[in-house]
Amino acid sequence: KLPETETTANELISKLKQQSEDNREKNLQTIKTQTAINDQSASFGPFDRSVIILNTDGKTFTVLENPQAMRLKKAGFIQDRRFVIQPTQQDLNDALENSGGGIGGFFKGLLFGTTQEE
């Protein structure tokens, strides 16, 4: 029984070593991601026109303009500065286009009344 117990112990040790390596890589990625999120304020101040959003892969980011990010958030793509659904390029382009908002839309509404989109 001794060789059998030794084999089982070696298998367990190998499994634990692999699990430790997997966890190490996962933890390093988590640290990199969290550091990038925390350092965002150094690159993008409170009055900056851009914001970074973590992609669904959990590793990369997308830089968006604030109004674009807000439109995507309202559409359900973003929660807590992370994409819950990765938008297509068309979704990003559509959210970037001005949909009558902003100062121009405000003055247009004052002068011509609010129009309903069909």
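Colleague: Hi! Quick one to start: is Asn 55 buried or exposed?

Modeller: Asn 55 is buried, with a relative accessible area of 10%. Keep in mind that this is a predicted model.

Colleague: Where is Asn 55 placed?

Modeller: You'll find Asn 55 in the loop between S1 and S2.

Colleague: And which residues is Asn 55 in contact with, leaving aside neighbours within four places in sequence?

Modeller: With those neighbours set aside, Asn 55 contacts Thr 60, Phe 61, Thr 62, Phe 83 and Gln 86.

Colleague: Great. Switching topic: which residues make up the largest nonpolar core?

Modeller: That core has 10 residues in all: Val 51, Ile 53, Leu 64, Ala 69, Leu 72, Phe 77, Ile 78, Phe 83, Leu 92 and Ala 95.

Colleague: Let's look at H3, then. Which of its residues are buried?

Modeller: Gln 68, Ala 69 and Leu 72 are buried in H3. They lie on the same side of H3, because they cover an arc of only 100° around the axis.

Colleague: Nice. What covers the buried residues of H3?

Modeller: The cover includes S1, strand S2 (61-65), strand S3 (78-79), strand S4 (82-83) and H4.

Colleague: Zooming in, what does Ala 69 contact, neighbours within four places in sequence aside?

Modeller: Leaving those out, Ala 69 is in contact with Val 51, Leu 64 and Ile 78.

Colleague: Last one: which residue just after H3 takes a positive phi?

Modeller: That's Gly 76, with a positive phi of about 90°.

Conventions
Residues numbered from 1 in each chain as written. Predicted model: local features only at pLDDT ≥ 70, side-chain atom pairs only at ≥ 80, totals over all residues. Heavy atoms only, no water. Core = buried A, V, L, I, M, F, W, Y, C linked by side-chain atoms within 4.5 Å. Buried < 20%, exposed > 50% of the residue type's maximum accessible area, 1.4 Å probe, protein only. Contact = heavy atoms within 4.5 Å. Helix = DSSP H or I, 4+ residues; strand = E, 2+ residues; numbered from the N terminus. Arc of directions from axis to C-beta.
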